[in-house]
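Student: I would like to learn how to read a fold like this one. Where do we begin?

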Amino acid sequence: MTLEITFTSFSDSSGKPLLVLGPSLGTSVEALWGLVIEQLAGEYAIVGFDLPGHGKSAATVDHFTIADIADEIAAHMSLQSDSFIYAGDSVGGAIGLQLMLDHRQQVSRTVLCCTGAQIGDSDAWLERAELVTRS
């Protein structure tokens with residue numbers, strides 16, 4: 001399975017630490033992190049991604065896990081740098097937790113907001129996905 005996750009480079013600050021930004025469900029990286037990107041541009045090389053079916057990412061598979069997304073991020077970032085800083089909110093934060101479990105050697109620091117190892121239950125996620133799809 002290949003996830004179609006779109007990565008966007010917001011700041012090409014050569015020689016600066018790589019900062020990867022992860023959004024929450026129902027948002028895009030630009031909508032959620034736009035003001036932060038403005039404030040940190042020049043201090044970090046900033047890359048963000050959109051979840052499958054969100055923002056600039058196509059909805060290409062019906063089923064994927066947080067671990068699948070973390071693996072895709074780790075693989076993509078390994079092409080750019082040996083290590084990166086990760087910041088994520090809600091589901092983006094859960095992805096950060098998974099990165100720390102499965103790809104610890106690549107992640108130098110994390111900022112994880114409003115998240116947990118389990119957020120809600122499957123019924124709540126299906127309801128949320130339906131709401132986001134209608135919006």
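Tutor: Start with a helix against the sheet. This is a predicted model. Helix 2 (residues 66-78) lies across strand 1, strand 2, strand 3 and strand 4. Helix 2 runs at about 50° to strand 1.

Student: Which strands does helix 1 lie across?

Tutor: Helix 1 (residues 29-40) lies across strand 1, strand 2 (18-22), strand 3 and strand 4. Its angle to strand 2 is about 150°.

Student: What is the strand order of the sheet?

Tutor: The order is 1-3-2-4-5, in an open sheet of five strands with mixed pairing. From one strand to the next, the twist averages 20°.

Student: How many bridges join strand 4 to strand 5?

Tutor: Six bridges join them, and the two strands run parallel. Strand 4 covers residues 84-89. Take Gly88: its bridge partner in strand 5 is Leu112.

Student: Now the side chains. How many aromatic pairs does the structure hold?

Tutor: One. The rings are those of Phe7 and Phe49, with centres 6.1 Å apart. Planes under 30 degrees apart count as stacked and over 60 as edge-to-face. Here the planes stand at 50°, so the pair is tilted.

Student: Which strands hold the two residues?

Tutor: Phe7 lies in strand 1 (residues 6-11) and Phe49 in strand 3 (residues 45-50), so the pair ties together parts 42 residues apart in sequence.

Student: Is Phe7 buried or exposed?

Tutor: Phe7 is buried, at 19% relative accessible area; the cut-off is under 20%. Phe49 is also buried, at 0% relative accessibility.

Notes
Residues are numbered from 1 along each chain as its sequence is written. This is a predicted model: local features need pLDDT of at least 70, side-chain atom pairs count only at pLDDT 80 or more; totals for chains, interfaces and linings use all residues. Side-chain values use heavy atoms; hydrogens and water are left out. Rings of Phe, Tyr and Trp (its six-membered ring) pair if their centres lie within 6.5 Å; planes under 30 degrees apart count as stacked, over 60 as edge-to-face and the rest as tilted. Helices (H or I, at least four residues) and strands (E, at least two) are DSSP runs, numbered from the N terminus. Buried means under 20% relative accessible area, exposed over 50%, partly exposed in between (1.4 Å probe, protein chains only). Two strands pair if DSSP finds at least two bridges between them. Axes are lines fitted to C-alpha atoms, for helices over the stretch in contact, and angles run from 0 to 180 degrees between N-to-C directions. Contact means heavy atoms within 4.5 Å.
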